[in-house]
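The exercises below are meant to be worked with the sequence and the 3D view side by side. Try each task before reading its solution.

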Amino acid sequence: MQRVRHLRPLTAASVSVLGCALINLTAGTAAGQARVAQAAAPAPGLHAAGAGARPRSRDARADAAPGCRPHAGRVCQASTTSPHRSARLHSRLVQTPVALRAHTPKPAPKPAPTAAARGRSAVITAVLATSCENTGLTPEPGNLALVREAVLCLINRERAQNGESPLKINPQLEQAAEGHSHELVTADYFAHVSPSGKTPVDRIRELGYIPGPSVGYVIGENLAWGTYGLATPTSIVAAWIASPGHLANILESQYTETGIGITPQVPGSLGNGAPGATYAQEFGVIIR
C-alpha cells in the first residue's frame, strides 16, 4: 500500500513527494526470506509492585525464640539463655538493625572496536566533515550532474547524522532513476507504478541490477517534484526527510547503493506550466 498526500503551495511554488516502501523480495535462502515492509504515511501536508511482605516459612517460625515473632524489619535469634537474656538480645537487635548491602559486580570491560568498526566510524566522520555544495541550484540541462551530487551529499549527510554509512552511486540504479524521472514527465503521471504496470523492481531488474532469481535484494524508491525555488536539492531532500516513509528509505541500514535521476521539468498536469524539476532516487542492496 502506498499513501500519498499533497504539500500546500508556498506562494507560487509547490513541491510533492512520493515514497515507495521498502520492498524486500528475496530468494528462498535463509539469508533472504521474503519481507515487505510498507513505509509509514508521509507527514501531514506531503504528497511524497509493590509486593506484599513475604510469608513466613515454617522453618522461620520453628527457629524463632519464644516470644519472638519474625516479621519484616525485625531480626529474631534462637537462644538457650534465659527468657530475660533472650529479651535483651531481641531488644538490642531491634534497636540496632544491621544494614545489608547488595554486592554489585563491576561491569565487564567493553571489547575494543574492530578494525571494520573503526573504519566505518572514520567514513561517517569524513561525511559529516564535508560540506554539501550547489544545494541551492535549480535544475537545468547544463547542471544536472552538480544537482545529483548535491542530492547525494545531503542524503549521505542525513545518514551519517544517524550513524549510517554513506551510499555509493550504482550506474544501473542511476539509469533506472533517470529513466523513471523522464517517464514521469513525458507520460504525465506521478507514481511508482507506470501506466504499463512496471514497478520499481521491474525497471531495476531489466537493467541487470538484480543478477538472477537465486539472490535476494532490497529495493526502495523516493520520488518528488517541485517548482521554482522548491525544485532545489535542499527543498527536495528536506521534503523527503520531513516525511517518515521517505526518511525510512533514506536511513535504511541495509542499503549500500543508490541512483539519482533528475528531469528539469514537472509533469504537465501537476505543475500547471511552472518551471521546476522531477526527482527519482533508487535505493538497493544485493543479498547473496
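**Exercise 1.** How many disulfides does a search of the whole structure find?

*Solution.* The model is a predicted one, in which local features need pLDDT of at least 70 and side-chain atom pairs count only at pLDDT 80 or more, whereas totals for chains, interfaces and linings use all residues. Residues are numbered from 1 along each chain as its sequence is written, and side-chain values use heavy atoms, with hydrogens and water left out.

Step 1: apply the criterion, a pair of cysteine sulfur atoms within 2.5 Å; the search of the whole structure then gives one disulfide. Step 2: identify the partners, which are cysteine 132 and cysteine 153, with their sulfur atoms 2.1 Å apart. Cysteine 132 lies in the loop between helix 3 (115-129) and helix 4 (144-161) and cysteine 153 in helix 4, so the pair ties together parts that are 21 residues apart in sequence. Step 4: read the torsion about the S-S bond of cysteine 132 and cysteine 153, which is about -85°, so the disulfide is left-handed.

**Exercise 2.** Is cysteine 153 buried or exposed?

*Solution.* Step 1: recall the classes, where buried means under 20% relative accessible area, exposed over 50%, and partly exposed in between (1.4 Å probe, protein chains only). Step 2: compare the value; cysteine 153 has a relative accessible area of 19% and is therefore buried.

**Exercise 3.** Which residue forms a salt bridge with arginine 203?

*Solution.* Step 2: the partner of arginine 203 is glutamate 221, with the closest N and O atoms 3.1 Å apart. Step 3: this pair links distant parts of the chain, since arginine 203 sits in helix 6 (residues 200-206) and glutamate 221 in strand 4 (residues 216-227), 18 residues apart. Step 4: arginine 203 is buried, with a relative accessible area of 9%, and glutamate 221, at 0% relative accessibility, counts as buried too.

**Exercise 4.** How far apart are the closest N and O atoms of glutamate 164 and arginine 120?

*Solution.* Step 1: in this salt bridge the closest N and O atoms are 3.9 Å apart. Step 2: glutamate 164 is buried at 16% relative accessible area, whereas arginine 120, at 39%, counts as partly exposed.

Definitions and conventions
Helix = DSSP H or I, 4+ residues; strand = E, 2+ residues; numbered from the N terminus. Salt bridge = Lys/Arg side-chain N within 4 Å of Asp/Glu carboxyl O.
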